[in-house]
Every structure is written in C-alpha cells, then in structure tokens.
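Dear colleague,

Please read them with the structure open beside you.

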Amino acid sequence: MKRYIYAIVTLALAMLSFSSCDKFLDVNENPNYPSTVEAKTLLPTVELRLAEKVGYDIGLVGTFWSQYVVQCSNTNQYYTVMTYNLRNSASWFTSPWSVLYAQNLPALKEIITAYGDDDTYMNYEYEAKALLAYHLYLLNSLYGEVCYTAAFCTDEYGTVNANPNPVFDSEKDTYNNIIALLEELRGFNADAVAEAEETHSSAIYDPIFGGDMDNWRGFVNSLYLKVLLRDFAANKAKITTLLAEDDFLAEDAAYAAYEDAADKSSPFYESDRRQLNTPQNIRACKDVIDNMSAADGRIAKYYEKYSGGYVGSPYGTTVNRARSSRLMLGPLDPVYIATAEESEFLKAEAYARLGKGGQAKDAYEAAVNASFDRYDVAGAAATLAGDYAFDDGVSAEEQVHQIISQKWLSNVKGMPIESWFDLNRTGYPVRGTEITDYAGTNGAPSVRFMYSYYSFTYNENSPTQVPMTEKMWWHKQ
C-alpha cells in the first residue's frame, strides 16, 4: 500500500511541477507531461505537500516559538528563528505561503470543480473541502489576511490571463469564511458521502485517512470546535450544540508514508538530520523539562538523554551540544495535522468555559491518557493522580490554564505549531513564571508570520506588512 501511495504521489507531483506560483491558477504547458490529470490523483499530492510544510517549515518554527527547543551554541542554523530575527524573504515564511496557498489551493479547487456536481464522487469533494478549510485555517493563523474570495471563489480567476492582483480578505472575514466552509461540510449527508466512498473509493489516494469518511467527519467537527473557540462568547450556542453531538476525531490525522531512505523520510528528520552538515542544532529547552512530572514517560520520546538525564537551556539562550539533550527525531515520524488528544483537549476547554467542570475534567483526563497512549509510555495514571491532577473546583479561567498548559506539554512531538497558536490566544503557559519570558530582537515574542516577499512582488493588493509582534484579533491582548 505504501509503495502504491508513493507512486501516485510521484506522478501527481510531476504533473503539478510546472504550476506557476505567480498566478493563482496559471498553468504552464509542457509537451513532455500530460496537460490534464484526473482530479482525484491531486489529492495525495496535496496531502504530501501539506505534510512537508507542517512537518518541517511550520513545524520547526512552531517547535522553537512554542519554546520546546533552543539553538546549539556550536552551530547557528536556526539562531535567527529562535531570536525572532527574520525578514519577509525568509524561507520559513515564503515556502509555506508558496506551497499551501499558491500550489495546494489551486489543486483543491480543481478537485472540487471536477466533482462538485457529481454525487457519486461526493467523498472527494468532501475531502477536498475539508483540506481547504484546514489550509485556510493555517494561513489565517500564521499570516492573518488571506486572498480567498477573489482568488478562489470566482470562475474568472481560473483562466490563464486572470487578474494577478486579487484583493485579500481581512483576518476576521477569513475566519468567517472558514466557519462557513466547515458549516457547509457539516451539512453534507453522511450516508451519501459514505455511499460515494463505496462507489468510488478514495482509499489509495488519501494517505491521511485511507478514505475513512467517519474520520474525515470527525476531523471537520474537531477543526470547527477549534475555530469556534477563538471567539467563545460569539459562538457559545454553536459550541454547546457541537458538544452535544460528540462526534469528534477519535484517531490521529497523520501523514506517515515515510521510509528510512534519502528523500523519503519524515521531513523534519530529512532536513535537519540527513541533509544538513550537522545534526546537532536543536537542543532541549529547559522550559519543558521544568514543567514535566518526574513520572511522565513522554520525555523519553521528546529528548535524548544527556549524562543519564535530560538537560536543557532557558528559551532564547544557546547551549553546548556536549552538555545538553538533543531533540529526538526519527525518519519514520508521522506528521500530525490533528490528534485524538487534541479533540479531547478542545472539548475540555469548551466545557470549562461553559462552567461544566466535571465534564472538563473527564475530557482533560481522556486527553492525557490519549497522549501517553500515542507515545506508548506509562505514567498517565500516576501523573493524573499527582502533578497533572485536574482541579475542577477552581474558576473557569484557571481550569483553562490547566488544560492549555497540559496541551502544551503534549505537543512537543505532536503539533508544535498548535501550541504556539494557543500561547498567542490564551497566554498559557505563562511567560515569566512557567516558561522563559524572552522578547528576542524585536522587543516582544513573534505572534505571526510575515507575508511572503513574493506576495508583495507579484500582487499589488497584498496587505500592508505588519510587524511579527502585532497581535491578531483573536490573540490575548
């Protein structure tokens, strides 16, 4: 199965390799490749490229900016990332934008256009729109404004000579577009989608879920809850309805079609450990080690031991490789875009904010157990009875503090970028008391990506560049 998926991914990448990034849907003709491709074969390409960006570019920045790691003092590959000393031409900003926006969104539009009027392929439409919602969520969370309405929702922009200067939607309008798309997906008939999957299976074209439409529906609902929580007061009724349905993702959404071979291994490992001239850059951050229970076996999955233990440095400092633990990376590490424990943490936060402490506690404990299970380590029961015990007798905000701080500990090797989003949104864990209060070169921690240099070069309607320290509307003020 894995080899077959690789074959499909390779074919689709070849067919898309001549897609222009300058114009959203501009396609250059090449006589050596087919000019058209069956739309469903674009799906694994989208998932592969998404995994590459989430797994390395976005994941590495999230690993640093969530304060999980520091830069080795003997090397300097990521020093500018750690210290927030980046320009809009930095690959950490340009590459995710170019791939997620300029390459993947056109491919998703092609799938949606091809199958949107054929109910027998409703499963492909559903998967493509779910991935579209997640792409918009990432772009909105990282950059803010996204050119979606003008560049995706019109037929005119699907032509080669279309206007290359579409207007961007505001941060809040993009957020509302994501909600609308997720609500459209929630309106799909589940039986009809399942029947379409039986008729035209997507199993071999879907490395993330293998065509399991129940998992895709759970993914949509979990993403919906995550987005709604960014404006809890306005979305309280919707959140209450969603919790009552209790139809969230119960399995990890992961891309795991990797091999221990050059150019085929997990992207973080491939880039940092196999391709760089040194594998020593990324060392443990003391912030994580200080917050972990002594009974927490997950630390053995996060960092390599140094002198029989785990040693790190406060965030923003460098540490000698001979006196510190290194971040543990493996060639087969999956790339996660959602996890079972995240669904439970989201439920726990929602229940806490609704004043339902008992249900918040149940979901919190389910989340911790799911995290320990994913790493296949012992200690969940001991930590939940001790250092990680949930106190449902405190205020709603204090309960949220417990939930987000534990979620932060769970994401070191899971979804580090989500912990950065949560840190920006909630302020937890607290800088200055629980983790290092580090301002970097700009006087404050970075809370957003800068718009890609290429966007300014090719689109005169790109938003005004704002500092990386300028908070978005949903951030803790």
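Tyr-302 and Tyr-303 are both buried, where buried means under 20% relative accessible area, exposed means over 50% and partly exposed lies in between, with a 1.4 Å probe and protein chains only. Please bear in mind that this is a predicted model, in which local features need pLDDT of at least 70 and side-chain atom pairs count only at pLDDT 80 or more, while totals for chains, interfaces and linings use all residues. Residues are numbered from 1 along each chain as its sequence is written, and side-chain values use heavy atoms, with hydrogens and water left out.

Rings of Phe, Tyr and Trp (its six-membered ring) pair if their centres lie within 6.5 Å, with planes under 30 degrees apart counted as stacked, over 60 as edge-to-face and the rest as tilted; by this rule there are 40 aromatic pairs. One of them joins Trp-97 and Tyr-143, whose ring centres are 4.9 Å apart and whose planes stand at 75 degrees, so this pair is edge-to-face. Because Trp-97 lies in helix α4 and Tyr-143 in the loop between α5 (122-142) and α6 (149-152), the pair ties together parts that are 46 residues apart in sequence. Trp-97 and Tyr-143 are both buried. Tyr-302 and Tyr-303 also form an edge-to-face pair, at 6.3 Å centre to centre and 80 degrees between the planes.

Turning to the helices, these are DSSP runs (H or I, at least four residues) numbered from the N terminus, and their axes are lines fitted to C-alpha atoms over the stretch in contact, with angles from 0 to 180 degrees between N-to-C directions. The axes of α2 (residues 42-65) and α4 (residues 91-115) come within 10 Å and cross at roughly 155 degrees, and the two helices are therefore roughly antiparallel, a term for angles over 145 degrees. The axes of α7 (residues 171-186) and α9 (residues 213-228) likewise come within 10 Å, crossing at roughly 150 degrees, which makes α7 roughly antiparallel to α9. Contact means heavy atoms within 4.5 Å, and the residues that make it include Tyr-175 and Ile-178 of α7 and Val-220 and Tyr-224 of α9.

Lastly, Asn-424 is found in helix α18 (residues 416-426) and, at 6% relative accessibility, counts as buried. Leaving aside neighbours within four places in sequence, Asn-424 is in contact with Ser-446, Val-447, His-475 and Lys-476.

Conventions: Angles under 35 degrees count as roughly parallel, over 145 as roughly antiparallel, 65 to 115 as roughly perpendicular and the rest as oblique.
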